[in-house]
Amino acid sequence: MTRVAAIDCGTNSIRLLVADADPATGFFAELDRRMTIVRLGQGVDRTGRLAPEALERTFAACREYAAVIGELGAERVRFVATSASRDAENSADFVAGVRDILGVEPEVITGDQEAQLSFDGATKELAGGDHLAKPYLVVDIGGGSTEFVLGADEVAAARSVDIGCVRMTERHLTEDGTVVDPPTHERAAAIRKDIEAALDVAAATVPLTEAATLVGLAGTVTTVAGIALELEEYDSEAIHHSRVSRGQVRAITEHLLRSTHEERAAIPVMHPGRVDVIAAGALVLLAVMERTGAHEVVVSEHDILDGIAWSAA
């Protein structure tokens, strides 16, 4: 057994998982799991660079995580960075800062690598059961990109496309740096047009309609699930492996698009860092369900972060 620390640094959030893992037996014991909204991808779609304030927010979280890793005595640390740092001209500043704080080289992975890790994290525990039909289509809706991975016991096809809740919000729902609230029908339609074009690209590699089970990952999906379950507070155990119908996702998406910032912030399961980007993320989820024909999405709290931990072990 190995004590590992996995860090997933995405466009919107940075997350830490410390766990004891034994790949030979499948044993996995979570010791600490936490998330910080840092919005690393702030403005990247527009400027092509990581903003200084976004870098400092991310480095502050890294310093907090370094203390946790040291306290728990993790033997191996793997830091994976995704869409925002992959796109930025000044990604070297990000890499140097992380290395100085955590003592490890951040791996700026490709979209295909990101998809593989997401699939591993989401499906490793599903493989032993027979309650969900294979193959799975794992969809990881991030801040800057969305990953599609089709597979049963192993990956058959994967594709990453540049649609995510932060990217779509900044591209279509922001004016002079302020989120338009609530968005107009025309702005929502522009997001949907981008999503459909990206789904065409994904479908050229991944047969989106061949899956028997749609598995949804990351904060957009878990937040929509929490709303569907009418939870009084965020409860990962209740959300994990819950099932949300396409009709529920459509109703929630339409409600979010009609809501103001204050109304979305008042939703009990809503993380403050998702208030302005959740509507765009929900539109991605709805479009995926309609394109694939999925009647429901199986929601997983285990995702790329768990896949990184398994790979470190």
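**Strands, bridges and burial**

Q: In β3, what is the bridge partner of Asp20?
A: Ala29 in β3 is the bridge partner of Asp20. This is a predicted model: local features need pLDDT of at least 70, side-chain atom pairs count only at pLDDT 80 or more, and totals for chains, interfaces and linings use all residues. Residues are numbered from 1 along each chain as its sequence is written, and side-chain values use heavy atoms, without hydrogens and water.

Q: Why are β2 and β3 said to pair?
A: Two strands pair if DSSP finds at least two bridges between them. Strands are DSSP runs of E, at least two residues; helices are runs of H or I, at least four; both are numbered from the N terminus. β2 (residues 13–22) and β3 share 10 bridges, in the antiparallel sense. Therefore they count as paired.

Q: How do you know that β11 and β13 pair?
A: Two bridges join β11 (residues 213–217) to β13 (residues 296–299), in the parallel sense. At least two are needed, so the pair qualifies. Gly216 stands opposite Val299 in β13.

Q: Why is helix α6 called mostly covered?
A: Buried means under 20% relative accessible area, exposed over 50%, partly exposed in between (1.4 Å probe, protein chains only). Six of the eight residues in α6 (residues 165–172) are buried. Among them are Cys165, Met168 and His172.
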